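Please take me through this model in the viewer, one selection at a time.

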Amino acid sequence: MNSNIALPKHVKIVEVGPRDGLQNEKESVPAEVKIELVNRLSSAGFRNIEAASFVSPKWVPQMATSAEVMAAIERHPGVVYSALTPNMQGFDAALAAKAGEVVIFGSASEAFSQKNINCSIAESIARFEGVAKAAKQHGLRLRGSISCAFGCPYQGEVPLAAVADVVGRMRDLGCDEIDIADTIGVATPRQTQAVMRRAAQEFAIGGLSGHFHDTYGQALANIYASLEVGIAIFHSSVSGLGGCPYAKGATGNVATEDVLYLMQGLGIETGIDLDIVVDAGQFIAQFLGRKGASRAGNAIAAKRAG
Ligand code: HMG
Ligand code: MG
């Protein structure tokens, strides 16, 4: 930690629990529970909540209720509700569901692209062209997510050049924001900085986000390392929910409560009420019948209980 490095004063936290967090749950989570979770998160002050995924229900059954969820959530002014859209079928569903942002999701790894979305990287970009064009026509925000930017469960190492190439393609599609994702949570801080710096050569750093899974316990360290190179958007999942059905063994996203606790300590504004997020985390953990995976969330809840 170098105390001479200026960190961003504000960061945007994108809450991905209702989508990335729940998509991997084996038991079906009823739509009412997802709706309650999103409503609780909306009242916490997030500006962006990833609430839905319009993918094939055969591939990801847990997300089959996305339209129902989007129809029933309370929309808070100023909150963008995002949905994953791998193709035009997904885009049409997201548009009908009044998503404020659509997310095209590709990969820096050829092997992962095939496993996750059943096509090559080049084919995925060709598919995304229609989605990107339609998003612009309808005035929706467009976000591009790049999986396996730090390592792949199938091919291992992922070269910096491969990440840079996909960042450039996402930029050319007109993305407003681009996520650099550690799908399997293998990154470490110096590597994180190298990847973020390389990505920032292709796309304005203010529009790059860090999406860290916490499989190897490195996510908070990687977030701090990202702050040091100027990244100011991070994804996290309430109660540390999550995993990817096509990345075996990968655990949840970094827990939102832990990220908020870190930001508070650093004096970095998020605009989010940690106490409300702790309650939301306890709510969903209780529903799932297990202890939440957020260290800060569990500590705060235990302290409250006396
Ligand atoms: P495919 O089989 O190649 O697609 O799948 P297809 O066009 O041949 O269609 C096959 C069937 O899927 C058809 O149905 C279509 O209607 C249906 P059938 O005729 O067999 O009954 N279909 C759809 N249904 C609903 N919505 C759609 C849709 N598209 C086709 N949008 C496809 C290609 C991309 C659809 C498939 O591979 C898929 O759904 N994959 C989902 C992958 C996924 O959701 N992974 C998890 C999210 S990504 C992630 O978690 C990573 C991230 O967090 C960042 C990180 O951590 O790395 C974002
Ligand atoms: Mg993810």
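Begin with the contact of H7 with H8: select Leu160, Val163, Ala164 and Val167 in H7, which meet Ala194, Val195, Arg198 and Ala199 in H8. Contact here means heavy atoms within 4.5 Å. The residues of this contact comprise 7 nonpolar, no polar and 1 charged, where Ala, Val, Leu, Ile, Met, Phe, Trp, Tyr, Cys and Pro are nonpolar, Asp, Glu, Lys and Arg are charged, and the others, Gly among them, are polar.

The model is predicted; local features need pLDDT of at least 70 and side-chain atom pairs pLDDT 80 or more, while totals for chains, interfaces and linings use all residues. Residues are numbered from 1 along each chain as its sequence is written, chains are lettered from A and ligands numbered from 1 in the order written, and side-chain values use heavy atoms, without hydrogens and water.

Now show H7 (residues 160-172) and H8 (residues 189-200) whole: their axes come within 9 Å and cross at roughly 40 degrees. Axes are lines fitted to C-alpha atoms, for helices over the stretch in contact, with angles from 0 to 180 degrees between N-to-C directions. Helices (H or I, at least four residues) and strands (E, at least two) are DSSP runs, numbered from the N terminus.

Next, select ligand 1. Which of the 27 residues around it come nearest? They are Asn87, Asn116, Asn118, Ser147 and Thr183; a residue counts as near if one of its heavy atoms lies within 4 Å.

Polar contacts are pairs of N or O atoms within 3.5 Å; within protein, one must be able to donate a hydrogen and the other to accept it, and residues adjacent in sequence count only through two side-chain atoms.

- Phe54: a backbone N or O atom is 2.9 Å from a nitrogen atom of ligand 1.
- Asn118: a side-chain N or O atom is 2.8 Å from an oxygen atom of ligand 1.
- His211: a polar side-chain atom is 3.0 Å from an oxygen atom of ligand 1.

Stay on Asn118, in the loop between helix H5 (110-117) and helix H6 (121-137). Its phi is positive, near 65 degrees, in a residue other than glycine.

Move to Cys148, in the loop between strand S5 (141-147) and H7. Cys148 is not a glycine either, yet has a positive phi of about 55 degrees.

Finish at Leu262, in helix H10 (residues 256-266). Leaving out residues up to four places away in sequence, Leu262 touches Leu220 and Ile223.
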